[in-house]
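Biologist: I would like to learn how to read a few features of a structure. Could we go through them one at a time?

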Amino acid sequence: MASNGTNGTKDASEKVFLIWGGEGWVAGHLKEILQEQKEKVFTTTVRMENREAVIAELERVKPTHVLNCAGCTGRPNVDWCEDNKEQVIRSNVIGTLNLTDCCFLKNIHCTVFATGCIYAYDKKHPPGGDGYLEADPANFGGSYYSATKSKVEELMTTYSNCLILRLRMPVSDDLHPRSFVTKISKYEKVVDIPNSNTILHDLLPCAILLASAGDTGIYNFTNPGAISHNEVLTLFKKHVRPDFEWKNFTEAEQSKILKAGRSNCELNSDKLAKRMKDFGVEVKEVHTSYDECFQRMKAKGIK
């Protein structure tokens, strides 16, 4: 099994980034950041499970770094995956492994934007207690989406060219439909459970730093700490939408309207914070990061 380390780095002037899932939400943010940094960046929508097409795309672009943002999360949510399991396997398991393997054979560094929704609070990791570490075995299989993600992550760690970043409930500085804030602001009722979150404004530049340095292995890719739904919406109301109101309900009540279970957990992001210090970057605590995110939204006139 591959250990955390570095692999596939070249001189900075030789870097070529290829973003898989190029029309997606996270991919768009990555492309914008890389363009601002004057990096050479391409995007593709080639299906990951099509080995011949993947190899042809890698040979055409000749990237030094692949950023894999592709995959199947389900529309409008992960409940979709419960009724489309073959398609989920084809994308999230076969496709992800195929792309990683093709990159390995061509000595290309591959960053996979994965998920931390493979854990659930338990006696050893209660709300407010210790967060899950990168090496902790997955313990949540309440949704087919999460089940596929935990299995493929275990297999991907074999590859010495692979960096795995576990995002959770990602949030952007707008009201994009895929943003966690947009989702819960539209729900009639929300649960109130603390969770790890990924504020893209803060963390996507960190992903580029890690990929450029050739880091490999797994990182819990979240802001430090955990924040509850009510805390998020309170800050949203404070900065963005003063007249916003919401109602709560219990997990038991929520489960009655969902086809699949939902992961609730806190990830320990100490490893990420420590590594970022090597680059002179501070990863902001999640409450602070959310507050600044909503202030940026307010400044843009987003309501």
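Biologist: How do the axes of helix 3 and helix 4 lie, and at what angle do they cross?

Modeller: Axes are lines fitted to C-alpha atoms, for helices over the stretch in contact, and angles run from 0 to 180 degrees between N-to-C directions; helices themselves are DSSP runs (H or I, at least four residues) and strands likewise (E, at least two), numbered from the N terminus. In this predicted model, local features need pLDDT of at least 70 and side-chain atom pairs pLDDT 80 or more, while totals for chains, interfaces and linings use all residues. Residues are numbered from 1 along each chain as its sequence is written, and side-chain values use heavy atoms, with hydrogens and water left out. Here helix 3 (residues 85-105) and helix 4 (residues 144-156) have axes that come within 10 Å and cross at roughly 20°. Helix 3 and helix 4 are therefore roughly parallel to each other, since angles under 35 degrees count as roughly parallel, over 145 as roughly antiparallel, 65 to 115 as roughly perpendicular and the rest as oblique.

Biologist: At what angle do helix 7 and helix 10 pack?

Modeller: Helix 7 (residues 229-239) and helix 10 (residues 286-299) pack at about 30°, their axes being 9 Å apart, and that makes helix 7 roughly parallel to helix 10. Among the residues that meet are Leu235 and Phe236 in helix 7 and Tyr290 and Phe294 in helix 10.

Biologist: Is Thr44 buried or exposed?

Modeller: Buried means under 20% relative accessible area, exposed over 50%, and partly exposed in between (1.4 Å probe, protein chains only). Thr44, which lies in strand 2 (residues 40-44), is buried, with a relative accessible area of 5%. Leaving aside residues up to four places away in sequence, Thr44 touches Leu18, Ile19, Trp20, Gly21, Gly22 and Glu57.

Biologist: And where does Val191 lie?

Modeller: Val191 lies in the loop between strand 6 (189-190) and helix 6 (200-213), and Val191 is buried, with a relative accessible area of 5%. Beyond residues up to four places away in sequence, Val191 touches His229, Asn248, Phe249, Thr250, Glu251 and Gln254.

Methods: Contact = heavy atoms within 4.5 Å.
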